[in-house]
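Please read it alongside the sequence and the model shown here.

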Amino acid sequence: MKAVGYKKSLPIDSPDALIDFDAAKPEPGGRDIRVAVQAISANPVDYKVRKRAAPPEGEFKILGFDAAGVVDAIGPDVTLFKPGNEVFYAGSIQRQGTNSEFHLVDERIVGRKPKSLSSAQAAALPLTSITAWELLFDRLGAVPGKSVDPRTLLIVGGAGGVGSILIQLARRLTGLHVVATASRPESRKWCLDLGAHAVIDHAAPMKEQIEKLKAPPVALVASLTNTDQHYKAIADIMAPQGAFGLIDDPPDFVVSAFKGKSISIHWESMFTRSSFQTADMIGQHNLLNDVADLVDKGVLKTTLGESFGTINAANLKRAHALLESGKSRGKIVLEGW
């Protein structure tokens with residue numbers, strides 16, 4: 001089968017940063033399903049893994065997490081799917097990735113593909129939907145339902161993949177007042193179009209901008225990018241006894257900045273369930289099915305930002321380069337072989 005991978009951790013402008021190669025078609029066992037991959041999307045975790053995780057000498061590491069495709073074969077213990085089912089999912093950081101024609105994945109972290117979306121549109125959703133959903137409801141404790149909630153949710157980095165879903169979830173499923181941050185005009189418009197009540201510029205002092213909005217107290221914060229640059233200013237903005245959630249890896253993060261206000265700190269990694277085979281691992285199957293239902297009902301929409309052509313090393317290198325620049329908007333999707 002065709003695949004894209006790497007043998008050494010190299011800068012993305014290196015000719016061998018990502019390589020097209022042929023790999024053996026994997027065989028499913030246990031609760032694994034084998035998916036014929038039709039579309040994938042690129043995420044920041046892809047380039048972060050590429051930079052720090054070299055495979056054993058002489059072997060290829062295949063990246064990729066988001067995928068949409070068709071179940072091709074199933075393991076003997078599979079009960080949720082059968083060959084021919086259309087699916088979408090975000091995979092596991094512990095296994096070979098989705099940048100291959102066929103891919104093995106545990107059925108418990110796979111959902112049915114939304115009927116109303118193409119494979120490319122669906123591939124934009126899984127990783128960011130799981131991350132946003134778990135961050136908003138499981139970590140920050142927001143309550144789904146449109147009852148009035150007299151609090152503001154501040155989303156730092158609203159135009160990225162996770163932010164694009166988080167804006168929609170918070171606006172359509174909760175009563176929270178939603179404020180996103182974006183620094184470019186096109187990113188600002190993107191956030192407003194997705195449903196943010198207001199957008200502020202994280203490249204300028206945020207406290208003054210928040211005060212001018214006269215919004216409800218900032219009780220919940222989702223810090224999705226550059227947390228090390230913003231967390232002290234955010235601690236100053238936040239209401240006492242609020243909740244601060246983050247998904248990135250800040251090199252500098254002093255939790256005592258939040259102590260005086262008794263603000264709780266919450267980390268979110270959507271790979272936790274699959275990495276540790278948690279008892280509630282099937283929750284991601286259920287979550288993705290809920291997302292598919294919300295998409296098909298018109299409540300949520302795909303966050304596909306740009307299409308980069310077919311799945312190959314050259315196009316994936318372009319995707320990695322754009323993600324590393326920090327200037328992507330929505331999700332970068334590749335489709336077909």
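Ser262 is exposed, with a relative accessible area of 53% (exposed means over 50%, buried under 20%, partly exposed in between, with a 1.4 Å probe and protein chains only). The model is predicted, so local features need pLDDT of at least 70 and side-chain atom pairs count only at pLDDT 80 or more, while totals for chains, interfaces and linings use all residues. Residues are numbered from 1 along each chain as its sequence is written, and side-chain values use heavy atoms, with hydrogens and water left out.

**Positive phi**

- Ser262 is not a glycine, yet has a positive phi of about 55°.
- The loop that holds Ser262 runs between strand 13 (243–246) and strand 14 (264–267); helices (H or I, at least four residues) and strands (E, at least two) are DSSP runs, numbered from the N terminus.
- Most residues other than glycine have a negative phi.
- Lys214, also not a glycine, has a positive phi of about 55°.
- Lys214 sits in the loop between helix 6 (206–213) and strand 12 (218–223), and is exposed at a relative accessible area of 75%.

- An open sheet of three strands has the order 2-1-4, with antiparallel pairing (two strands pair if DSSP finds at least two bridges between them).
- Its edge strands, each pairing on one side only, are strand 2 (19–22) and strand 4 (61–62).
- Four bridges link strand 1 (residues 2–6) to strand 2 in the antiparallel sense, and Gly5 has Ile19 in strand 2 as its bridge partner.
- Strand 5 (residues 66–74) is antiparallel to strand 6 (residues 86–89), with which it pairs over four bridges; Val70 is bridged to Glu86 in strand 6.
- Strand 6 is also joined to strand 8 (residues 110–112) by three bridges, again antiparallel, and Phe88 has Gly111 in strand 8 as its bridge partner.

**Nonpolar cores**

- The largest nonpolar core has 83 residues, and Tyr89 and Leu136 have the most contacts inside it. Such a core is a set of buried Ala, Val, Leu, Ile, Met, Phe, Trp, Tyr and Cys residues joined through side-chain atoms within 4.5 Å.
- A second, separate core has 19 residues, including Ile210, Val221, Tyr231 and Phe258.
- Beyond its neighbours within four places in sequence, Tyr89 is in contact with residues including Val35, Val37, Phe65, His103, Val105, Pro126 and Leu288 (contact means heavy atoms within 4.5 Å).

**Second largest pocket**

- The second largest pocket has a volume of about 160 Å³. On a 1 Å grid over the protein atoms alone, a pocket is an open set of points where a 1.4 Å probe fits, with protein on both sides within 12 Å along at least five of seven lines; a volume is the space filled by probe spheres set on the points.
- Among the residues lining this pocket are Met1, Pro26, Ile62, Arg95, Gln96, Phe102, His103 and Leu104; lining residues have an atom within 4 Å of a point.
- Strand 7 (residues 102–106) gives the largest share of the lining, three residues.
- The lining has seven nonpolar, four polar and one charged residues, where Ala, Val, Leu, Ile, Met, Phe, Trp, Tyr, Cys and Pro count as nonpolar, Asp, Glu, Lys and Arg as charged, and the others, Gly among them, as polar.

**Helix 10**

- Asn315 lies in helix 10 (residues 313–325) and counts as buried at 13% relative accessibility.
- Leaving aside neighbours within four places in sequence, Asn315 is in contact with Phe308, Gly309, Thr310 and Leu334.
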